[in-house]
Structure formats: C-alpha cells, structure tokens
Amino acid sequence: MLSKEQNDLLTMTDAGTPCGRLLRSYWQPVATADEMPPGGDPMPVRIMGEDLVLFRDDSDRLGLIGQYCPHRGTDLSYGRVEDGGLRCLYHGWLFDREGNCLDQPAEPEGRKFCDKIHNTAYPVQEKGGAIWAYLGEGEPPLIPDFAFLSGPDENRQAFRVVQMCNWLQGLESSTDPAHTTFLHRRPPGKASERSGADIAAIRGNEPPAIATENTSFGTRIYAVHNAPQGRKYLRVNNYVFPSGATPSTSGGAHAYQGRWYVPIDDHSHCRFEFFYSDKEPLNKERLLKSRAENVGPDSRHLRRPENRYLQDRDALKRGESWGGMGLHFPAQDAFAIETQGPGPIQDRTKEHLGSSDVVIAAVRRALLNAVKQVEEGKEAPGLIRDASQGFYPDFVCTSGYIEDHEDGPSYCRRLLAGKSAAE
Ligand code: FES
Ligand SMILES: [Fe+2]
C-alpha cells in the first residue's frame, strides 16, 4: 500500500514533477525504428505530457521538436520536410531539428526575427530498433548496451503498444512474477504463439517462491518454480531504472525481453518490447503474425475495455484459457493493468499487498529512493556515462533448471564469477 502522496509522487510525470524529473534523467524510447524509417513522414509523439513531433529532415537526420508552431500554434506534424527542417503549412516558418527557426517567409526582408524564436527540441538517436529521446537537463548519459539493443538485427525485434492506464501499472506487471501462474495460465500442451514454448510443461502451474536483491541497475528478481518431475526451475528477471524490465522468456540465458514503459501522460503509456535471442535468429514471421492478429492500427490491443476484452466465458468454463481472453500474454497483461482502478491511475491506498507482492514493494522502494536522490540534487541511479566503464557488471537475465542444493542468488553468483573469469 502507498500513501496518497507516494502514489501521486510515482504516477505523475509531467515536466517539473519529481518522478518526471527522474524519468527525464534517462533516454526513453519514443517510437520503433519501423515507424520512422529513412524518408518517413513526421509523426506526433506525446511523452510525459509533452506534445512533440518526431521527424527526419531532408538529410534523414532525426529530430524531436515541439508539435505546435511557435508562430500561431499550428500542428507541425503535418508540415513539409524541406530545406534542412520541417516547414509549417500555415505561414511557412521553418524549424531545424535543434528547434532553430530558419525561415519566416511571410515576414519582409529586414523584418524577420528568426533569431528570437526557438522551438522546444530534444536529442534523439536510433538504437536497437527504437528511436530514443532525452528530455532531461544537462549532458545526456549513454543508453545501456543491453544485448537486446545491440545484438545482430536478425536476433532482435522491437514493438510498441499503447495501454490506457498509468505507466506504473505497466511496469509493475512486468516485474511481478506471481501473476504469470494465474493470468497467463494455459492448458498443458499449448505452446506460446510468440516463443513457441509450452510453459506449463517447462515450469508447472504452481506459484513460485519469490525473492529480490538490489543491484547497480535496479532490482534483481528471483522466482523458483516447482517444475514437473520434482525439478526446480529458476527465472531471473530484473527491474531496470527507471521504467524498464527484462523478463526471461523460458529461453535460458540466450533469450529474454527488454520492456520499457513510457508515459504518454498520466493516463496512458507506451509499452516497448525488445525481443532477443542470441542462439538463433528470431522467428520474426511468427512474432509479426501474432502482432497483426492482436494489435489494431491504433497500436492498442484489439481486446480493450470498450469490448470487455472480448471475454468468452464459455471458453473460460471449458478451460481453454484461464480468463477466457485468448492466449496472447500482452493482451492479458493489458486487461489486468487497464482495469486496475478506479480510473486510469490505480488507487494504491486501497490495495492489500501479500508476501507474493514482495517485488512490487521492492520496485516501489527503489523508485521512491531514486526520486528522492534526484530531488536532493544527486545523480539518478544506474546512469552510464563512460562507454569504457562498459555495461552493468552485475546484470543477469536467465531461466532454467537448477540443482536441488542451489537457489537464485547462489546460481547468479556462480554465473557472474564464471563471466568475470572469462574476461
Ligand atoms: S502558425 Fe506556423 S507558420 Fe504560422
Ligand atoms: Fe504478464
């Protein structure tokens, strides 16, 4: 349970709010690279309550500037890409990707005042199949070199969906190992449409034992399942500062996902998914087919509150799925988080956490501490500023069977010791 003040503190992210300042201290994905290919059209992007337009100029350089023209407010996302920037359709003012006003063609020579005009502009870069933006102050840090962002193209795939609730509900769902046994339960023998894995056969249907540990990048999450044939199955997932998670996908150390939850505003957010496998190329055809079958042209799941998530109660009774909402995990997650109420921001003063919610409590603690740290004028946690420092040395994301005598922490220590010995 959180107090009203704490709930407000973690859910409000507009410019000038404490959590908004924390989230702006890191690069955030704002679009997939597929949405903004070279030569692509400008697109409006709302992020943390700021209305912006993402575009490529006529040299294909990326820009992210204020959506409303500083002249008289017309939407620049309809503008013309030409002459080194984006030109407003109303009176032709031209802005480059740094927000400089390059031209005011309606003003007579000698009366132009371009040098007095500046549009909002943020740095953007492409990495790992997404376009990332830095909305913070000062020198931007680096985007961490996760394998799901820097591996070979054929081993990675990024997606974006829009979810109609506060961002923190999305993040909490991805760090919560307890819900998968219920919300995502499927009959034995049913392979996942996205990973191809039969999860019930791999790790059983019993709730896991859960523990957490603080790390340099956030929080490590251990879930140990009593798997079929008396075996122990470990999942190591992570919360990554400030709005990311890396759930394992029953693919061992070779395959897992990155996820980012980026506020559109306080009532909706984008969920970015970065699929990754280092063992073999991803089956992109299967992933794209599953996306096409489950997500509409508005980037929202086809199952949504307006159609009561197309719940089929007969299918529920027949045992075809746990909730009668099909077998697509992200749509099931969207149902769970979009209906947490009342309204688009869950009222956490009214909840009752149990021992299986230990991760939820740990992630909130980490976030509250991080917000406080930034409010006190200190650097946000987990920022990487020096490329030679490399990646987080204590990062592990894996899943698999472990020996009876082993637990999550001892398994990870052994893995990390092996890694540093090999370096
Ligand atoms: S409103 Fe954009 S140029 Fe006038
Ligand atoms: Fe889930």
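Visitor: Where is the place of Ser299?

Guide: Ser299 sits in the loop between α6 and α7. The names refer to DSSP runs, numbered from the N terminus: a helix is a run of H or I with at least four residues, and a strand is a run of E with at least two. This is a predicted model, in which local features need pLDDT of at least 70, side-chain atom pairs count only at pLDDT 80 or more, and totals for chains, interfaces and linings use all residues. Residues are numbered from 1 along each chain as its sequence is written, while chains are lettered from A and ligands numbered from 1 in the order in which they are written.

Visitor: Why does Ser299 count as partly exposed?

Guide: A residue is buried if 20 or more other C-beta atoms, placed from the backbone, lie within 10 Å of its own, exposed if 12 or fewer do, and partly exposed in between. Ser299 has 15 C-beta neighbours inside 10 Å and is therefore partly exposed.

Visitor: Why does Arg308 count as exposed?

Guide: Arg308 is found in the loop between α6 and α7. Its 11 C-beta neighbours inside 10 Å are the reason why Arg308 counts as exposed.

Visitor: What is the phi of Ser299, and what is that of Arg308?

Guide: Most residues other than glycine have a negative phi, and most peptide bonds are trans. Ser299 has a positive phi, near 65°, and Arg308 has a positive phi as well, near 50°.

Visitor: Which peptide bonds are cis, beginning with the one to Pro242?

Guide: The bond from Phe241 to Pro242 is cis, its omega being near -10°. Pro242 belongs to the loop between β15 (231-240) and β16 (244-246). The bond from Gly341 to Pro342 is cis too, with omega near -5°, and Pro342 lies in the loop between α8 and α9 (358-375).

Visitor: Why is Arg313 called exposed?

Guide: Arg313 has 9 other C-beta atoms within 10 Å, and it is therefore exposed. Arg313 lies in helix α7 (residues 313-318).

Visitor: Why is helix α8 said to be largely enclosed by the rest of the structure?

Guide: Ten of the ten residues of α8 (residues 329-338) are buried, so the helix is largely enclosed. Among these buried residues are Phe329, Asp333, Phe335 and Glu338. Their cover includes β12 (156-163), α4 (167-175) and α6 (284-294).

Visitor: How many bridges join β13 to β14?

Guide: Two strands pair if DSSP finds at least two bridges between them. Strand β13 (residues 209-214) and strand β14 (residues 218-227) run antiparallel and are joined by six bridges. Ala209 stands opposite Val224 in β14, and a hairpin of three residues connects the two strands.

Visitor: In what order do the four strands of the open sheet stand?

Guide: The order is β5-β6-β7-β8, with antiparallel pairing. Strands β5 (80-82) and β8 (101-103) each have a single partner strand, so they stand at the edges, with one side of each left without a neighbour in the sheet. Within the sheet, β6 (residues 85-87) and β7 (residues 94-95) pair in the antiparallel sense over two bridges. The bridge partner of Leu86 is Phe95 in β7.

Visitor: Which domains does the domain assignment give?

Guide: Domain bounds come from an automatic or database domain assignment, which gives domain 1 (28-133) and domain 2 (147-422). Their C-alpha centres lie 34 Å apart. Two residues are in contact if their C-beta atoms, placed from the backbone, lie within 7 Å; 14 residues of domain 1 are in contact with 15 residues of domain 2. On the side of domain 1 that touches domain 2, β1 (28-32) and β2 (43-47) are the elements that give two or more residues. Strand β1 gives the most, with five residues.

Visitor: How do you know that the radius of gyration agrees with that of a compact globule?

Guide: The radius of gyration is taken over C-alpha atoms, and the globule rule is 2.2 Å times the number of residues to the power 0.38. For 423 residues a compact globule would have a value near 22 Å, and the protein chain has 23 Å, which agrees. The chain holds ten helices and 19 strands, and 42% of its 423 residues count as buried.
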